[in-house]
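Here is a short briefing on salt bridges and strand pairing. Keep the model open as you read.

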Amino acid sequence: MRCLIVDDDPLICDLLQHFCSKTDDITHITTTNSGFESVNLISQNSFDLVLLDYDLPDMTGKEILQLINPATAVIMITSNKDFASESYDYDQVVDYLVKPIEFTRFFKAIQKVKKYQTPATSDSQLFIKDGNKLIKVDMTEVRYIKSAGNYAELHLGHKKIMTLMTLKEMEQKLPNFFQRVHRSCIVNIKHIDSIAHNDIHVGGEEIAISSSYEKDLMNKISLLS
């Protein structure tokens with residue numbers, strides 16, 4: 001993995017760089033103490049992982065998050081334990097580390113990153129929890145999945161299934177013919193009827209494509225065509 005470390009504290013940068021060097025999965029490490037410089041680095045390079053300080057003096061971690069490719073895993077570095085709940089608002093935030101940082105906790109976060117980056121399965125059947133029971137769903141019949149708070153709504157041609165799972169959690173289990181097209185929506189590309197004017201038409205429904213996911217969608221379509 002190519003890793004970018006962004007923290008205004010040089011000691012934290014050195015510590016994280018040392019931790020990264022002890023992890024076989026991380027092969028390239030870039031560090032910066034500046035939020036503004038991190039933006040330039042992110043725009044000019046392809047990183048698999050960003051270790052991002054939540055509180056930077058020149059630019060907030062939230063602002064930088066908006067510029068990071070959704071496919072790039074992010075581990076937030078923070079002194080604020082309350083960030084735990086807020087972190088779920090960002091799809092690419094895999095974990096957060098609270099200062100002072102220990103290697104065992106850092107290593108655990110890296111394992112989460114590896115799981116985040118594992119390619120989706122091609123299996124077409126999943127067991128989904130619906131209320132108090134597990135039901136087997138043929139995912140080829142699912143047209144799209146929408147976020148509803150802490151629930152995910154699976155829209156099939158003839159019915160809708162709601163399961164207590166965030167869209168982020170659901171995405172990690174989906175077959176590879178699904179693609180996120182918006183922060184709150186994942187589409188089965190096999191059910192796409194047409195794409196025009198930044199909108200997808202699926203079974204009579206019109207779904208907006210976010211600009212940050214458009215390239216990934218077109219790449220997925222070309223791969224599975």
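This is a predicted model: local features need pLDDT of at least 70, side-chain atom pairs count only at pLDDT 80 or more; totals for chains, interfaces and linings use all residues.

Residues are numbered from 1 along each chain as its sequence is written, and side-chain values use heavy atoms, with hydrogens and water left out.

**Salt bridges**
- The count is six salt bridges (a side-chain nitrogen of Lys or Arg within 4 Å of a carboxyl oxygen of Asp or Glu).
- Glu171 pairs with Arg180 at 3.0 Å, N to O. Arg180 is buried, at 2% relative accessibility.
- Salt bridges with shared partners join Asp7, Asp53 and Lys99 into one network.
- Within it, the closest N and O atoms of Asp53 and Lys99 are 3.8 Å apart. Asp53 is buried at 2%; Lys99 is partly exposed at 23%.
- Lys112 and Asp95 form a salt bridge at 3.4 Å, N to O. Lys112 lies in helix H5 and Asp95 in strand E5, so the pair ties together parts 17 residues apart in sequence. Helices (H or I, at least four residues) and strands (E, at least two) are DSSP runs, numbered from the N terminus.
- Asp95 is buried at 4%, while Lys112 is partly exposed at 35%.

**Open sheet**
- Three strands make an open, antiparallel sheet in the order E13-E14-E15. Strands pair if DSSP finds at least two bridges between them.
- Strands E13 (192–196) and E15 (205–208) are the edges, each pairing on one side only.
- E14 (residues 199–202) and E15 pair over four bridges. Asp199 stands opposite Ala208 in E15.

Technical notes. Buried means under 20% relative accessible area, exposed over 50%, partly exposed in between (1.4 Å probe, protein chains only).
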